[in-house]
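Try each task before you read its solution.

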Amino acid sequence: MGSEVIIVPIIFGVLFAIAYLYFSTRNKERLALIEKGADASIFMRGRRNGASPFWKVLLLNLALLLIGIGIAIFFASILVYSFGVDEEVAYPGTIFMFSGIGLLSGFYMTKRLENEE
């Protein structure tokens with residue numbers, strides 16, 4: 001019972017430490033570049049050449065992942081009830097397989113999306 005009380009602060013502590021290290025390191029790198037006389041335009045978050053916005057890529061991959069999971073559950077139920085495959089094998093196996101197929105197709109669709117723009 002006491003372990004639940006300890007785990008939650010540890011998780012938040014780790015997340016805070018990661019965010020702190022990321023922002024402090026980024027700030028130090030920027031200050032070092034400014035001291036060396038680098039151009040300030042490298043800090044702008046403008047649109048890169050040919051790169052799709054992050055939200056489009058994330059949304060596309062998330063949608064294909066969820067579609068893959070849905071198809072996997074449907075396909076696993078067909079395997080269980082029609083062919084007699086064990087549930088413990090059918091559901092996890094098909095979910096991992098179709099999720100991987102969905103993410104792989106998302107990768108190729110993202111490459112094609114970046115080539116179009």
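The exercises below go from the whole chain to single residues.

**Exercise 1. Confidence and layout**

Task: Find how many helices and strands the protein has, and state how confident the predictor is.

Solution. 
- Step 1. This is a predicted model, so begin with its confidence score, the pLDDT.
- Step 2. The average pLDDT of the protein is 87, and 88% of the residues score at least 70.
- Step 3. Count the elements: there are 3 helices and 0 strands. The pattern along the sequence is α-α-α.
- Step 4. Compare the elements. Helix α1 (residues 2-35) has the lowest mean pLDDT, 86. Helix α2 (residues 54-83) has the highest, 94.

**Exercise 2. Surface and interior**

Task: State what share of the residues is buried, and which atoms the accessible surface belongs to.

Solution. 
- Step 1. The cut-off for buried is under 20% relative accessible area.
- Step 2. Of the 117 residues in the protein, 15% are buried.
- Step 3. The accessible surface comes to about 9500 Å². Carbon and sulfur atoms account for 71% of that area.

**Exercise 3. Helix α2**

Task: Compare the span of α2 with the expected value, then find what its buried residues pack against.

Solution. 
- Step 1. α2 has 30 residues. At 1.5 Å a residue, 44 Å is expected.
- Step 2. From its first C-alpha to its last, α2 reaches 42 Å, which is close to the expected value.
- Step 3. List the buried residues of α2: V57, L64, G68, A72, A76, L79 and V80.
- Step 4. Look for their partner. These buried residues pack against α3 (87-116).
- Step 5. Check what follows the helix. G84 comes after α2, and its phi is positive, near 75°.

**Exercise 4. L60**

Task: Find which residues L60 contacts beyond its neighbours within four places in sequence.

Solution. 
- Step 1. Locate L60: it is found in helix α2.
- Step 2. Leave aside the neighbours within four places. L60 is then in contact with G106, M109 and T110.
- Step 3. The C-alpha atoms of L60 and G102 are separated by 10.0 Å, although the two residues are 42 apart along the chain.

**Exercise 5. T94**

Task: Decide whether T94 is buried or exposed, and find what its side chain reaches.

Solution. 
- Step 1. T94 lies in helix α3.
- Step 2. The relative accessible area of T94 is 5%, so T94 is buried.
- Step 3. The side chain of T94 reaches the backbone oxygen of A90 at 2.7 Å.
- Step 4. Not counting residues up to four places away in sequence, T94 touches A72, F75, A76 and L79. Among these, A72, A76 and L79 are buried residues of α2.

Note on methods
Residues are numbered from 1 along each chain as its sequence is written. This is a predicted model: local features need pLDDT of at least 70, side-chain atom pairs count only at pLDDT 80 or more; totals for chains, interfaces and linings use all residues. Side-chain values use heavy atoms; hydrogens and water are left out. pLDDT is the predictor's confidence in each residue, from 0 to 100. Helices (H or I, at least four residues) and strands (E, at least two) are DSSP runs, numbered from the N terminus. Contact means heavy atoms within 4.5 Å. Buried means under 20% relative accessible area, exposed over 50%, partly exposed in between (1.4 Å probe, protein chains only). Accessible areas come from the Shrake-Rupley method with a 1.4 Å probe; for residues, only the protein chains shown count as cover. The expected span of a helix is 1.5 Å times one less than its number of residues. A polar contact is a pair of N or O atoms within 3.5 Å; within protein, one must be able to donate a hydrogen and the other to accept it, and residues adjacent in sequence count only if both atoms are side-chain atoms.
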